[in-house]
Structures are given as structure tokens and as C-alpha cells.
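Here are my notes on the model you sent over. Have a look at it first, then go through the points with the structure open.

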Amino acid sequence: MMTAAVVAVSLMLAVAGAGAIYRIAKGPSILDRVLAADVLLAIVGAALATDMIVYRNLDYLALLVAISLVGFIGSVTVARFVTDRR
């Protein structure tokens, strides 16, 4: 049962990651690309969390926190930059 769940989650994360990479490459505006990069960071974080759950370890916890902080700070910075420009 656990194997089927891991395969399903991995497949969903792979499809979401491919969609985010497509939007980064094809996005018509810089905001689309930044948002897709933020989504890609969230997908990487979800993949790390899934790996930690499956193997029952906390080896990647510091990396998960760092990725989350970079994604949050990057999104807030871009939002403030876009707000200041308008």
C-alpha cells in the first residue's frame, strides 16, 4: 500500500514539476516565471518531505527549511518590487 502511495505522489510531483518548468521557459511575463520558480521550489520541498517520510529520517530537514525560506523571501521581494514599480 505504501509503495502505491509513494508512486502516486512521485508521479504527481513530476507532472507538477514539468508544468512549472514549462511555465518558466514559456511564461509571457517575468511575474509568471517568478511564480513558476516559487512553485518549483515548493515541489522540491514536497519531494524532500516525501523522501523523509518514506525513509523515516530527518536528514533533509535543514535543506527543506532553507528552500522554504528562499521561496518565501524571493516571492515577497518580487511582490514588493512589482508594487513599487506601479
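1. The side chain of T50 reaches back to the backbone oxygen of A46, at 2.7 Å. That is a polar contact (a pair of N or O atoms within 3.5 Å; within protein, one must be able to donate a hydrogen and the other to accept it, and residues adjacent in sequence count only if both atoms are side-chain atoms). T50 sits in helix 2, and leaving aside residues up to four places away in sequence, T50 touches V9 and L13. Contact here means heavy atoms within 4.5 Å.

2. Before going on, a caveat: this is a predicted model, where local features need pLDDT of at least 70 and side-chain atom pairs count only at pLDDT 80 or more, while totals for chains, interfaces and linings use all residues. Residues are numbered from 1 along each chain as its sequence is written, and side-chain values use heavy atoms, with hydrogens and water left out.

3. Helix 2 covers residues 30-55; helices are DSSP runs (H or I, at least four residues), numbered from the N terminus. From first C-alpha to last, helix 2 reaches 38 Å with its 26 residues, close to the 38 Å expected at 1.5 Å a residue. The expected span is 1.5 Å times one less than the number of residues.

4. Which residues of helix 2 are buried? They are A36, I43, G45, L48, T50 and M52, where buried means under 20% relative accessible area, exposed over 50%, and partly exposed in between (1.4 Å probe, protein chains only). These residues pack against helix 1 (2-26) and helix 3 (61-85).

5. R56 belongs to the loop between helix 2 and helix 3, and counts as exposed because its relative accessibility is 77%.

6. Helix 3 has 25 residues and reaches 36 Å between its end C-alphas, close to the expected 36 Å. Its buried residues are L64, I67, G71 and V82, and they pack against helix 2.

7. On the surface, L58, L61, V65, L69, F72, I73 and V76 form a nonpolar patch, with about 670 Å² of accessible area together. Such a patch joins nonpolar side chains (Val, Leu, Ile, Met, Phe, Trp, Tyr) within 5 Å, from residues with over 30% relative accessible area and no salt bridge (a side-chain nitrogen of Lys or Arg within 4 Å of a carboxyl oxygen of Asp or Glu). I73, in helix 3, counts as partly exposed because its relative accessibility is 49%.

How values were computed:
Helices (H or I, at least four residues) and strands (E, at least two) are DSSP runs, numbered from the N terminus. Patches are made of residues with over 30% relative accessible area and no salt bridge: like charges are joined within 9 Å, nonpolar side chains (Val, Leu, Ile, Met, Phe, Trp, Tyr) within 5 Å. Accessible areas come from the Shrake-Rupley method with a 1.4 Å probe; for residues, only the protein chains shown count as cover.
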